[in-house]
Structure formats: C-alpha cells, structure tokens
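Here are my notes on the model, for reading beside the coordinates. Please keep the structure open as you go.

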Amino acid sequence: MKIAIMGAMVEEITPLLEKFKEYKVVEFAENKFYTVQYKNIDVTIAYSKIGKVNAALTASVLINIFGAQKLLFSGVAGAVDENLHIGDLIAAEGLVQHDLDITAFGHPYGFVPESKILIKADEELLKISKDTAKTLNLTLKSGIIATGDQFICDADKKEWIKKTFGANAIEMEGASVAFVCDALNVPFFILRAISDAADAKAGFDFDEFLRSSSKISADFIVSMLDNLEG
Ligand code: ADE
C-alpha cells in the first residue's frame with residue numbers, strides 16, 4: 001500500500017524523518033518528497049509550505065505522481081474550542097474554508113457554487129485513529145477544523161470562526177488537502193496538535209510550541225501506520 005504523510009512546515013515532518021532515518025529524496029514541482037519503506041507500506045513524506053494553495057499542490061502531487069492511496073496530515077493548529085489546550089490532539093471529522101467569502105452573492109460563508117462547505121474525513125481512518133488512541137491510552141479529540149490563509153491571533157476573529165462554522169480548531173492547510181482528496185477519491189485523515197489558542201499571544205505560543213506539538217502529532221501518525229493494513 002502507498003501512503004502519503006504530509007505536513008505544512010519542515011518542523012511538522014522533521015520528527016517523521018528522524019524516526020524513519022533512511023529515506024530517498026525525490027524533487028518535483030519545486031518541492032522535496034521523502035520516500036521510505038515502513039513494514040509493507042510505501043510511505044512518501046512531504047511538507048507543502050504554508051497555506052491552502054501550497055497544500056493543494058502537494059496533496060495533488062502525492063496522489064497523482066507518487067500514487068498515494070491514503071493521505072495522512074500531521075501538524076499543529078490553533079485552538080478555538082476552549083477545552084483544547086497546548087499539546088492536545090484533534091482529528092478532523094470535517095473541514096471548512098473560513099476565508100472563502102462570496103456572501104455578496106447570497107451564498108453562505110465557506111461556499112462556492114458546485115462545491116460544498118464541509119468536507120468529511122474518512123470514517124475508517126477516524127476509527128483507526130480512535131483505536132490507536134485507546135491502545136496508547138491517549139486522549140484524541142475530534143471535531144471541525146477551519147482552514148484559511150491567515151494566522152489567527154485575535155479573539156474576535158476566532159469567535160467569529162467558531163460561531164460561523166462550529167469550528168474546534170484552526171489552521172492553514174487542512175481543508176484544501178481535504179478538497180483535493182475528496183475530489184480524487186483518496187481517503188484522508190487530518191491530525192493536529194494544539195500549538196496556541198489563536199489569541200493575542202498566539203504568535204509567541206506558536207514559536208514556543210511548534211516543535212513539541214509537531215512531535216506529538218507525528219508520533220501519533222506513526223502509531224496509526226502500525227494499525228493500517230499494508
Ligand atoms: N496554526 C497553528 N496556529 C494557528 C493559528 N493561530 N492560526 C492559523 N493557523 C495556525
């Protein structure tokens with residue numbers, strides 16, 4: 001089986017590369033793709049660079065060029081739900097684009113014609129993640145992840161995203177990866193560990209916790225691989 005593991009920033013995939021150690025590097029579309037054999041799974045790892053366009057490009061390459069049959073995303077997010085704290089894990093049940101706005105034409109936020117607001121993650125991968133959490137005795141929350149090309153560090157904006165989309169966490173890539181996978185019929189799973197609370201001190205907290213939260217997320221993804229059938 002061919003599985004892709006994607007992050008947005010180099011810090012988000014570094015714990016994976018350190019874990020797998022021996023990988024080959026393939027360059028394509030101005031990016032690097034790290035390929036490794038893990039048990040009987042062909043794994044391709046890449047970080048997209050920040051934002052929805054970069055993430056959509058990398059997800060497409062992982063699927064169309066590297067043949068990924070499932071895509072797992074590992075990284076960090078800002079908490080919107082006050083029950084999520086730094087280092088907590090959240091798996092996306094569904095993803096929305098909070099910055100997509102053609103409300104001027106009477107459409108709801110996050111919607112464009114011939115598309116949908118919410119993309120649902122793969123049920124089977126969500127089930128595997130819940131089983132993995134149980135085995136590891138870890139708490140894994142799940143909910144709505146809102147994505148946009150903005151680093152949110154403002155309590156009012158955060159509240160608006162929460163109220164408008166029922167979001168639990170925010171980040172800058174998940175929904176675009178979800179849209180690509182959904183359109184190409186590739187099961188996907190988006191995991192994030194909280195790095196900040198998307199408030200006035202989010203920039204400081206993000207820098208402080210990016211590495212530790214990235215590792216929490218990446219370690220979980222590796223454990224999930226052990227529960228995927230090759
Ligand atoms: N990723 C991690 N924290 C974030 C935030 N506050 N806003 C957007 N993306 C993030």
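1. **Basis.** This is a predicted model: local features need pLDDT of at least 70, side-chain atom pairs count only at pLDDT 80 or more, and totals for chains, interfaces and linings use all residues. Residues are numbered from 1 along each chain as its sequence is written, and side-chain values use heavy atoms, with hydrogens and water left out.

2. **Ligand site.** Which residues come nearest to the ligand? Of the 13 residues around it, they are Gly78, Phe151, Ile152, Glu171 and Asp196. A residue counts as near if one of its heavy atoms lies within 4 Å of the molecule. Asp196 uses its side chain, with a polar atom 2.6 Å from a nitrogen atom of the ligand.

3. **Ser195, beside Asp196.** The side chains of Ser195 and Asp196 make a polar contact at 2.7 Å. Such a contact is a pair of N or O atoms within 3.5 Å; within protein, one must be able to donate a hydrogen and the other to accept it, and residues adjacent in sequence count only if both atoms are side-chain atoms. Ser195 is found in strand β10 (residues 188–196). Helices (H or I, at least four residues) and strands (E, at least two) are DSSP runs, numbered from the N terminus. Is Ser195 buried or exposed? Ser195 is buried, because its relative accessible area is 1%. Buried means under 20% relative accessible area, exposed over 50%, and partly exposed in between (1.4 Å probe, protein chains only). Leaving aside neighbours within four places in sequence, Ser195 is in contact (heavy atoms within 4.5 Å) with residues including Val76, Ile86, Asp205 and Phe209.

4. **Cores.** The largest nonpolar core has 68 residues. The definition takes buried Ala, Val, Leu, Ile, Met, Phe, Trp, Tyr and Cys residues joined through side-chain atoms within 4.5 Å. Those with the most contacts inside it are Ile45, Leu71, Val177, Phe188, Phe189 and Leu225. Helix α6 (residues 202–226) gives the most to this core, with 8 residues. Apart from it lies another core, of 10 residues, among them Ala146, Ala167, Ile170 and Ala198. In soluble globular proteins, nonpolar side chains tend to be buried together.

5. **Phe188 and α5.** Phe188 touches Leu71, Ile119, Ala178 and Cys181, among others, not counting residues up to four places away in sequence. Helix α5 (residues 174–183) is mostly covered, with 8 of its 10 residues buried. Among them are Val177, Ala178, Phe179 and Cys181. Just after α5, Asn185 takes a positive phi of about 60°.

6. **Aromatic pairs.** How many aromatic pairs does a search of the whole structure find? There are 6. Rings of Phe, Tyr and Trp (its six-membered ring) pair if their centres lie within 6.5 Å; planes under 30 degrees apart count as stacked, over 60 as edge-to-face and the rest as tilted. Phe20 and Tyr38 are edge-to-face, 5.2 Å centre to centre with 65° between the planes. Phe20 lies in helix α1 (residues 10–20) and Tyr38 in strand β3 (residues 31–38), so this pair ties together parts that are 18 residues apart in sequence. Tyr23 and Tyr34 are also edge-to-face, at 5.3 Å and 90°. Here Tyr23 is partly exposed at 32%, whereas Tyr34 is buried at 11%. Tyr109, Trp160 and Phe165 form one aromatic cluster.

7. **Cysteines.** The structure holds 0 disulfides, a disulfide being a pair of cysteine sulfur atoms within 2.5 Å. Cys153 is partly exposed, at 41% relative accessible area. Cys181 counts as buried, at 1%.

8. Met1 sits in the segment before β1 (2–7) and is partly exposed at 28% relative accessibility. Its C-alpha atom is 8.6 Å from that of Lys70, 69 residues apart along the chain. Ile3, in strand β1, is buried at 1%. Ile3 and Leu62 are 59 residues apart in sequence and 8.8 Å apart, C-alpha to C-alpha.
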